[in-house]
Amino acid sequence: MGRAFEFRKARKMKRWSAMSKAFTRIGKDIVMAVKEGGPDPDANSRLRAVIQNAKAVNMPKDNVERAIKRASDKSLGEYKEVLFEGYAPHGIAILIETATDNNTRTVANIRSYFNKCDGSLGTSGSVSFMFDHTCNFRINPEGLDIEELELELIDHGVDEIFEDEDGIMIYAPFESFGAIQSYLEENKIEILSSGFEQIPQVTKKLTEEQAADVEKLLEKIEEDDDVQNVYHTMEETSEE
């Protein structure tokens, strides 16, 4: 199996925060999708994808509809997507994806976490080159031949496709998202969830004590309401 498979296996065993945090992230995704392409999912592919993700984490339909309605309100401020880059202790690179309505607050908070945990906030481009920006889809495997599907999707840029207990996972470069989404929808293949991830090109193994130093910083960052996703180059192990 490739890097995407190993990355997913390790991350699945990690914290992924309380359901309330997942709902908060998806709520912001809905606002950004509606502001960008309107409130009609049929005419807004980004919103369709976010609604699928909401279902995947069992977000109540009422919450989704309320978020869409709220996002349609012209008086509601917009969230801006901002990427932060820096280093944790022991040379571990960190990428932080945020969605914020107050960039000054977010910058100050992120900087304070790095300072308190002996890390350093970097400049744009200082660590992003160490990660591959990918898109992914989780689809219903029912009635599908994974080998045939892989052959069909190679022309759409797919790098890796594999099956696990949650369904069939498809990974491809970031820019292939639209083409793959269109193919799956046109062929009536059920998309269970989709998204984007930053996969580290190389990871670094740390001692238990060193890893604890990095985890301390990661936890502070992940608890911040403006943070959507955090990626790093520390080697993670998935325990079977």
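Entry 1: strand pairing

I looked up the residue facing Tyr87 and found that Tyr87 stands opposite Ser120 in β3. The model is predicted: local features require pLDDT of at least 70, side-chain atom pairs count only at pLDDT 80 or more, and totals for chains, interfaces and linings use all residues. Residues are numbered from 1 along each chain as its sequence is written, and side-chain values use heavy atoms, with hydrogens and water left out.

I noted how elements are named: helices (H or I, at least four residues) and strands (E, at least two) are DSSP runs, numbered from the N terminus. Two strands pair if DSSP finds at least two bridges between them. β1 and strand β3 (residues 120-121) run antiparallel and are joined by two bridges. β1 is also joined to β2, by nine bridges, and these two strands run antiparallel as well. In β2, Ile92 stands opposite Ala88.

Entry 2: two positive phi values

I then examined the turn of the hairpin that β1 and β2 form, with three residues between them. His90 lies in this loop, between β1 (80-88) and β2 (92-100). The phi of His90 is near 65°, a positive value in a residue other than glycine. Most residues other than glycine have a negative phi.

His90 counts as partly exposed because its relative accessibility is 30%.

I found another such case at Lys188, whose phi is near 55°, again positive in a residue other than glycine. Lys188 lies in the loop between α7 (177-186) and β7 (191-200). Lys188 is exposed, with a relative accessible area of 74%.

Entry 3: aromatic rings

Which residues form one aromatic cluster? I recorded Phe137, Phe174, Phe177 and Phe196. Rings of Phe, Tyr and Trp (its six-membered ring) pair if their centres lie within 6.5 Å; planes under 30 degrees apart count as stacked, over 60 as edge-to-face and the rest as tilted. By this rule I have six aromatic pairs. The rings of Phe174 and Phe196 have centres 5.1 Å apart and planes at 50°, so this pair is tilted. Phe174 lies in the loop between β6 (167-173) and α7, and Phe196 in strand β7, so the pair ties together parts that are 22 residues apart in sequence. Phe174 is partly exposed at 37% relative accessibility, and Phe196 is partly exposed at 33%.

Entry 4: nonpolar cores

I took a nonpolar core to be a set of buried Ala, Val, Leu, Ile, Met, Phe, Trp, Tyr and Cys residues joined through side-chain atoms within 4.5 Å. The largest has 19 residues, and those with the most contacts inside it are Ile94, Ile96, Leu217 and Ile221. At least two residues of this core come from each of β1, β2, α5 (103-116), α8 (208-223) and β8 (227-232). The largest share, five residues, is supplied by α8.

What does Ile221 touch, not counting residues up to four places away in sequence? Taking contact as heavy atoms within 4.5 Å, I listed Ile94, Ile96, Tyr113, Phe114, Val227 and Val230. A second, separate core has 17 residues, including Ala49, Ile161, Ile170 and Tyr183.

Entry 5: annotation

I consulted the UniProt record, an unreviewed entry, whose annotation "domain: TACO1/YebC-like second and third" covers residues 79-234. Over residues 79-234 the chain is 31% helix and 37% strand, with the end C-alpha atoms 29 Å apart.

Key:
UniProt positions are given in the numbering used here, feature names are shortened, and annotations may be inferred rather than shown by experiment. Buried means under 20% relative accessible area, exposed over 50%, partly exposed in between (1.4 Å probe, protein chains only).
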